[in-house]
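Subject: Structure for you to look at

Hi,

Here is the structure I promised to send over. Could you open it next to this email and follow along?

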Amino acid sequence: MNDQPIPARPGRKRSEESRLAILTAAFQLVEEVGYAGLTIEGIAARSGAGKQTIYRWWPSKADVLLDALAAKANLHIPIPDEGSYAADLRTFLTASFKLGRDRRVMGVLRALMAHAQIDEEFGERFRNSFLQRRRDALAIIVDRAQERGDLPAVPSPGTIADIVFGTLWYRVLATRQPPDDRLADELVTILGGPQPGTAPPTSTQRKHR
């Protein structure tokens, strides 16, 4: 992955440059030393920022990575409006799964999910700053489909999000199988019904992996 994929935010140029340097350094270092070996001191040294600057913006190394992860998701996963629920869902899933296949991103996801289980305050930030925002992004697609009238009656919008992200997290945390484009196509068929010109899955494709 490109080491400079963190999008800039409006604001003071110097502060934003420091933020980008810190987030980029955190992602570089976590790949090199692992989550356990990642420290605020190391991030400060790599980014050229002061420790106090980092602690002023983030309470922990986990929060630095959380901000970087959220920024990557916002940059790489669009909220499409292609005229149909199936097309929008396929684009969203394909982009989400492509990011999920990145080895560094998957490692950060696993580390942050594990940390969220033992740190209640961080767990709340993780749910609100990342998980809920991903669900909100998918909800925009679902809401548009409801307005167009091409959203199936079942499953419910909440269950759609549970299926999409439950499947992704199961792959990331349990089986560690990269989520691929075929999985995205299968979910579109399950959640939106088969599209014209789409062949039904073969017996081989239906086998449990």
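Predicted model: local features only at pLDDT ≥ 70, side-chain atom pairs only at ≥ 80, totals over all residues.

Residues are numbered from 1 along each chain as its sequence is written, and side-chain values use heavy atoms, with hydrogens and water left out.

**Overall**

The protein has 10 helices and 0 strands; helices (H or I, at least four residues) and strands (E, at least two) are DSSP runs, numbered from the N terminus. Of the 209 residues, 42% are buried, where buried means under 20% relative accessible area, exposed over 50% and partly exposed in between (1.4 Å probe, protein chains only). Taking contacts with a separation of 6 or more, 66% are between residues 24 or more positions apart; contact means heavy atoms within 4.5 Å.

Two packed helices are described by the angle between their axes and the distance between the axes. Axes are lines fitted to C-alpha atoms, for helices over the stretch in contact, and angles run from 0 to 180 degrees between N-to-C directions. Angles under 35 degrees count as roughly parallel, over 145 as roughly antiparallel, 65 to 115 as roughly perpendicular and the rest as oblique.

Helix α8 (residues 157-175) packs against helix α9 (residues 181-192) at about 155°, and the axes are 11 Å apart. That angle makes α8 roughly antiparallel to α9. On the α8 side, Ile160, Ile163, Val164, Thr167 and Arg171 take part, and they meet Leu183, Leu187 and Leu191 in α9. By class, the residues of this contact are 6 nonpolar, 1 polar and 1 charged. Here Ala, Val, Leu, Ile, Met, Phe, Trp, Tyr, Cys and Pro count as nonpolar, Asp, Glu, Lys and Arg as charged, and the others, Gly among them, as polar.

Helix α6 (residues 103-118) also packs with α8, at an angle of about 90° and with the axes 10 Å apart. This makes α6 roughly perpendicular to α8. Met106, Leu109, Arg110 and Met113 of α6 make the contact with Trp169, Val172 and Leu173 of α8. That contact has 6 nonpolar, no polar and 1 charged residues.

**Aromatic rings**

The whole structure holds 4 aromatic pairs. Rings of Phe, Tyr and Trp (its six-membered ring) pair if their centres lie within 6.5 Å; planes under 30 degrees apart count as stacked, over 60 as edge-to-face and the rest as tilted.

Trp57 and Trp58 have ring centres 5.7 Å apart and planes at 85°, so this pair is edge-to-face. Trp57 is partly exposed, at 33% relative accessibility, whereas Trp58 is buried at 6%.

Phe126 and Trp169 also pair edge-to-face, with 6.2 Å from centre to centre and 75° between the planes. This pair joins distant parts of the chain, with Phe126 in helix α7 (residues 120-148) and Trp169 in helix α8, 43 residues apart. Phe126 is buried at 1% relative accessible area, and Trp169 is buried too, at 14%.

Leaving out residues up to four places away in sequence, Phe126 touches Leu66, Leu112, Met113, Ala116, Leu131 and Trp169.

Best wishes
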